[in-house]
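Hi,

Here is the structure for your files. My notes on its charged pairs follow below.

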Amino acid sequence: MVQEYFVERVRDVQRLADERRAALHSKSDAEAYVRDVRAKIQQCFGPWPEKTPLNPRITGVVERDSYKIEKVIFDSRPDFPVTANLYLPKGGALPRPGVVGSCGHSTNGKAEKAYQSFAQGLARLGYVCLIYDPIGQGERLQYANEQFQSRRGSGVSEHLYAGNQQFLVGEFFGAWRAWDGIRALDYLLTRPEVDAKQVGITGNSGGGTMTTWLCGVEPRWAMAAPSCFVTTFLRNLENELPADTEQCPPRVLALGLDHSDFIAAMAPKPAVLLTKEKDFFDTRGTEEAYGRLQQFYRLLGAEENISLFRGPTYHGYTQENREAMYRWFNHVTKISDAQTEPALTMENDETLWCTPHGQVAELKPRTVFSFTREHSQELKQKRVALEGDALKNVVRETLRLPARQGVPEYRILRPSSARRYPKKFSATYAVETEPGIFALVYRLDDGSLLSRPPRGAKRALLYVAHQSADAELRTEPLIPQLIAAEPESAVFACDVRGIGESQPDTCGANSFLTPYGSDYFYAIHSIMLDRPYAGQKTHDVLRVLDWLRANGHEEIHLVGKGWGAIPAAFGALLGDGVQQVTLKNALTSYSDVAESEEYRWPLSCFVPGVLAKFDLPDCYRALAAKQLRQVEPWGALAAGG
């Protein structure tokens, strides 16, 4: 259910975007489209920080036959060092074309053989190439222990952990990654060896991602060659392919953008899309992107400036893709007529280190988390305490809640026996909270239930589950306690979308609770659609409340546990008929998560930008009027698992 719901939403986005592209008929149409996508991209990535001094320092030089490697550290932000290798050809006329190299998800960053290969290959062909370590990789671990090993796992793991947390303060990890690339270009252009009119960008996999994003956000590139990334958002979703936080820009789908639009943003400048026949990034999507760009460049009178190369093998910046990149850049710059890669000599990781022991952590710089914590504290100082309708309106807007009308339709599912619930009998109702989405609601009773919910009880108890209403009806001690305290109340428990009976089994078997699994997958797509997953779950609660009231339950005691306490709290604040609220293991505050280096709450519980508007304690204070009782609240480090 959850997978197909998201597929339909993204198909709708692509359908509208394709209609918009099909309406382009002239050069002026295409030029207007470029301006439009550039503005929309800025809405996903901006606003940008102030450009501060780079403070570049060269910590060593590696001399080789026809080139040298300078070990460079520069600050992309104050006290936030970027480790990089600058490959400089020896001899020949100056200035030379320059290339910024963006690494994929290699543990050793710029020292990965495929990545030092393209940097060295470019230098041997006459280019100045600056290749830098991504955040959380190579020499830039953000969660380094005393042995300079990552406490989280490098690459993807650090990106997810830092990036998910950043959403709470309205930051996007992909923008941080792109900013490093912008500042790398700033540094490259300070070098007298570089021709500022001939600078390019290339990278593979995660580096292909950053190459693509940088085409959209930085206008100074003269050429680009993203490898093993460009496809379509829809293909990735349909294929259940998770992507890092930085690969999923906020609002990008809501704004109708796709991978191809980031390349279109640099049109009519030359770009080649490098793909692989056997890549997990679906080459069918690459063909679709290329088809769009061909038509687009044709309108601009520059069809020769867009190209596609498909290597025959698996994901990676292998020699055939590197050679396609060399040929493309040579075609643009005329620096060389080489068609193949020159002979290369690989370096040990230690040879390429910019720091004494291979980690900036020993320099004790700032980390991404330190900025997130500081930003949260600043927002806390600036926030105005909201109450009443003002708080409700801000919560509705921040959660992106849709309007609700009428009474939800529902289905009566066949009963299951011997579930060992607190009451002998139960019925299950699938309440359609929006087209294609059902909240599964269990009704418990002392008598057999085979039809629509029985009427008569004015008051109802509604339990919103942590991860599974079915399991928790057997194991959660709070539920029988509440039933015993309210013997006359009708008893209901529900799974909002994405948990319990609608828990997805996508993105790999048993992946739901893993950092890169299905719960994360739909949470990050929700952010791209500008409909926070927590808001969608809150909508489910509100529609179930509408359904209960339509069935004669005028007074509701709303109960939530753990993950479910978040939509329960929001639903209690906004829903009609809620007279009493009990929250067990509710998150203490979003600021507690944003200000804790270690946390265990998933992205599906977070609301992007929430701390600029309000925090959970604002809601809890408002719920005091509805007899809120909190039981064993959970801080940043306790989220049930």
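**Salt bridges in the model**

Asp470 and Arg474 sit four residues apart in helix H14 (residues 469–475), so about one helical turn separates them. Helices here are DSSP runs of H or I with at least four residues, strands are E runs of at least two, and both are numbered from the N terminus. The side chains of Asp470 and Arg474 form a salt bridge (3.0 Å, N to O). That term means a side-chain nitrogen of Lys or Arg within 4 Å of a carboxyl oxygen of Asp or Glu. Arg474 is partly exposed, at 31% relative accessibility. Buried means under 20% relative accessible area, exposed over 50%, and partly exposed in between (1.4 Å probe, protein chains only).

A word on the source. This is a predicted model, where local features need pLDDT of at least 70, side-chain atom pairs count only at pLDDT 80 or more, and totals for chains, interfaces and linings use all residues. Residues are numbered from 1 along each chain as its sequence is written, and side-chain values use heavy atoms, leaving out hydrogens and water.

Next, Lys561 and Glu476 pair in a salt bridge (2.6 Å, N to O). Lys561 is in strand S15 (residues 555–561) and Glu476 in the loop between H14 and helix H15 (478–485), so the pair ties together parts 85 residues apart in sequence. Lys561 is buried at 15%, and Glu476 is buried at 4%.

Arg177 and Glu246 also form a salt bridge (2.9 Å, N to O). Arg177 is buried at 1%, Glu246 at 0%.

Asp18, Arg21, Asp258, Asp261 and Arg292 are linked in a salt-bridge network. The count comes to 53 salt bridges.

Best wishes
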